[in-house]
Amino acid sequence: MRKQRKKQWILEIVILLLLVAIAGGIIAYKQEAANKQQEKAAKNTITKVDDLAGKRIGVQIGTTGDIYATDYAEENKGTSVERFNKGGDAIQALKIGKIDCVIIDEQPAKAFQEKNNELKILKEEFANEEYAVCLAKGNTELKAKIDSALEDMQEDGTMKKITDYYIGENAGKDPYVPDKNNKGSAGTLSMATNAEFPPYEYFDQGKVIGIDADMMQAVCDKLGMKLDIQNMEFDSIITAVTSGKVDVGAAGMTVTEDRLKNVDFSITYTNAKQVIIVRDHSVSAQKQSFKDSFYNNFIKDHRYQYLVTGFGHTVIITFFAIVIGIVLGLLIALIRTNYDRNGSLPLLNAICKIYLTVMRGTPAVVQLMIIYYVLLSSVQNKLLVAIIGFGLNSAAYVAEVFRSGIMSVDHGQFEAGRSLGLSYSQTMRHIIIPQAFKNILPALGNEFIVLIKETSISGYIGFMDLTKGGDIIRSITYEAYMPLLAVALMYLITVMVLTAGVNRLEKKLREQER
């Protein structure tokens, strides 16, 4: 007994020593990693524009910061430019050390710095620029009206009043109040913007506000028009203007030679700077508690409503896209099956094969944008466009699922139906398709699950789905983890519910077979 206890003690001591050694190794590894990180940070310290050479520069895609940074990288070997859809995403990458700096407009940079104390803006500016409103080429009448309104606003102090409300010592004191007498008798002016660019445009309590939003509202008041603001990705604004989806684009947009090839610009309404944001390694980031972070992201100003609204749109798109996918997919499957079995309908079969090749061979996001900007350029209802786009995409995959299910049913079943005097359509409807449906139900359920997740690209046409709702919250709070986790959790729960429903239906169908 004593020998056993002695062996047990020795074993416990050995295990304890091993645990101590492992813990010591982990601590030493973390300390070494921290030291390397500090050395790397010190080596990559940026204090002036000349220090950018050889560094990783973050920019928002399509902005003048992107243009200037790209030109700089071409002139300085070893410098890389990493492009992000949103300025906030670039800031998040900077905070975790993925990039060395971010080049962005001065006022948004100040907004980012205000929310993130570990960031700082270099005193030396990167470039100077001027903002203007973009319009479709040839729209000279509207351009003249906007130019005249902007000139009047600059002369009577309206433009200064709008700017001072968002920037400077008087910020928040004297807002621009829309003209109550403006009934919109001259029509509606649609404006494209990227509402992730404070103080020029951003979301507040579900509404797009900011310098550009107030400026265009003041222009509309002078023109007797109603203002319709459409939020979209920054690099989609010029496309929306040229395709006629909107009348103007106002999003802190600088006049450049490349842009002038595609659109016209109004007179400039403000000056701006491109600045450099870097990490301040002498300052530690302020960490929020889970409770404070939850409140800031979801409870404050009822920000959870962005997720609720986006989720509702996601469900609507998915449901109607599934209906289109099933109806059109079954029709295509029947045409192709009919051709495979007896060679009939060769022309329709050829059209279906081309359709399947195109829809399955190109990304869904590209299809959605082509449908929105080209094929349905005159349709303003983004929900309808999204339903059609995802429905057409889903139909291509559902068609092959149905076809494989139909072909899996023994051909003798078809012959038996015909021998009983049933027509081809009756045989398919009453004998073949019910059996095929049972066979393909798991694959069909997987297709619907994929479709739910695919709707997350709706933001590319400026439509707010669940993912876009999370992006809007991130653009307001500058926090990545909480909104992204919430969006992921909502998708996960939805998929789990749908999976359970499909499994239950499959089980019932099997029970009926018994």
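This predicted model holds 24 salt bridges.

Start with R83 and D66. Their salt bridge brings the closest N and O atoms to 2.9 Å apart. Because R83 belongs to strand β2 (residues 80-84) and D66 to helix α2 (residues 64-75), the pair ties together parts 17 residues apart in sequence. R83 is partly exposed, at 41% relative accessibility, while D66 is buried, with a relative accessible area of 8%.

Next, select D340 and R403, a salt bridge with its closest N and O atoms 3.0 Å apart. D340 sits in helix α11 (residues 304-342) and R403 in helix α14 (residues 382-408), 63 residues apart. R403 and E400 are three residues apart in helix α14, so about one helical turn separates them. E400 counts as buried, at 19% relative accessibility.

Then display K86, D89, E196, E233, K468, D471 and R474, which a network of salt bridges links.

The largest nonpolar core has 44 residues; V102, M153, M215, M216, V248 and I277 touch the most other members. Helix α7 gives the largest share, six residues. Center on I277: among the residues in contact with I277 are I91, V102, F112 and L119. A second, separate core of 37 residues includes V241, V246, I317 and V385.

Finish at α6, where the buried residues are T158, M159, I162, T163 and Y166. They lie on the same side of α6, because their arc around the axis is only 135 degrees. Their cover includes α5, β9 (201-204), β10 (207-209) and α7. Just after α6, select G168, which has a positive phi of about 100 degrees.

Key. Residues numbered from 1 in each chain as written. Predicted model: local features only at pLDDT ≥ 70, side-chain atom pairs only at ≥ 80, totals over all residues. Heavy atoms only, no water. Core = buried A, V, L, I, M, F, W, Y, C linked by side-chain atoms within 4.5 Å. Buried < 20%, exposed > 50% of the residue type's maximum accessible area, 1.4 Å probe, protein only. Helix = DSSP H or I, 4+ residues; strand = E, 2+ residues; numbered from the N terminus. Contact = heavy atoms within 4.5 Å. Arc of directions from axis to C-beta. Salt bridge = Lys/Arg side-chain N within 4 Å of Asp/Glu carboxyl O. Lists of a residue's contacts leave out its neighbours within four places in sequence.
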